[in-house]
Amino acid sequence: MKMVFLGPPGAGKGTIAVRAKEFFNIPHISTGDLFRSNIKNETQLGLKVKEILASGGLVPDSVTIEMVKNRIAEPDCKNGFILDGFPRTIPQADALAEMTDIDAVVNFVVPMEEVVKRLSGRRMCPSTGRLYHIVFNPPKVEGKDDETGEDLIQRPDDKEDAIVHRLEVYESQTKPLIDYYRKKGLIKEIDASVKPSDVFERLKAAL
């Protein structure tokens, strides 16, 4: 099963991807993780990305496409994969179509006010990147990481005005992508405003 996950920040794609990768026994490939692992392992592409990010630039499509191409060629992807954060643009979608066929593009639909509520409640442990939510997934001790005891922080892009801007950017960038995949008959729309276990049941039913 080769899938692409689409949906606004805070739609719960990562949470559902964890369940789906175990259920289908396929890897969850997030572009953010790909960048980090390439930088950490000092691959040729990783060094290039590090340089671009250090200078405040945007990683060009060609580099992102190459990373994804290398990743889905690895043996653990032979039965499929979940792509999360790629493609983001039509040229990236065209490049993906040249690499492989996709079985389904799952679009997680959540109202904007729900996304703002979810994201503005997120808190992160600075050293491990572990995420919490003050309502849905609170730490054992308020404001402290469960394992390290560090003070949790709210990331700048999880503040309300930043969230609204991110959602506007997402809408403008991704709408063409949804139309692109709808024309190919690949879009599966899932109402992701319910609890994760229900979202996952809806995903299985849709597939």
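Here are some friendly notes on this predicted model, point by point.

1. Let me begin with the overall build. The protein chain is made up of 8 helices and 7 strands. Along the principal axes, its C-alpha atoms fill a box of roughly 50 × 40 × 35 Å. The radius of gyration is 17 Å, which agrees with the value near 17 Å that a compact globule of 207 residues would have.

2. Next, burial and contacts. Of the 207 residues in the protein chain, 41% count as buried. If you take the contacts between residues at least 6 apart in sequence, 66% of them join residues at least 24 apart.

3. On to the aromatic rings, where the count comes to 4 aromatic pairs. One of them joins Phe 5 and Phe 108 in an edge-to-face arrangement, with 5.0 Å from centre to centre and 70° between the planes. This pair links distant parts of the chain: Phe 5 sits in strand β1 (residues 2-6) and Phe 108 in strand β4 (residues 104-109), 103 residues apart.

4. A second pair worth a look is Phe 23 with Phe 200. Their ring centres are 5.7 Å apart and the planes stand at 85°, so this pair is edge-to-face. Phe 23 belongs to helix α1 (residues 13-24) and Phe 200 to helix α8 (residues 196-206), so the pair ties together parts 177 residues apart in sequence.

5. Please check the peptide bond between Phe 86 and Pro 87 when you set up the model. This bond is cis, with omega at about 0°. Pro 87 is found in the loop between β3 (81-84) and α5 (90-99).

6. Now for the backbone angles. Where does Asn 25 lie? Asn 25 has its place in the loop between α1 and β2 (28-30). Its phi is near 55°, a positive value in a residue other than glycine. At 61% relative accessibility, over the 50% cut-off, Asn 25 counts as exposed.

7. Glu 42 also has a positive phi in a residue other than glycine, with a value near 50°. Glu 42 lies in the loop between α2 (31-40) and α3 (44-54). With a relative accessible area of 53%, Glu 42 is exposed.

Conventions: Residues numbered from 1 in each chain as written. Predicted model: local features only at pLDDT ≥ 70, side-chain atom pairs only at ≥ 80, totals over all residues. Heavy atoms only, no water. Helix = DSSP H or I, 4+ residues; strand = E, 2+ residues; numbered from the N terminus. Rg over C-alpha atoms; globule rule 2.2 N^0.38 Å. Buried < 20%, exposed > 50% of the residue type's maximum accessible area, 1.4 Å probe, protein only. Contact = heavy atoms within 4.5 Å. Phe/Tyr/Trp six-rings, centres within 6.5 Å; stacked < 30°, edge-to-face > 60°.
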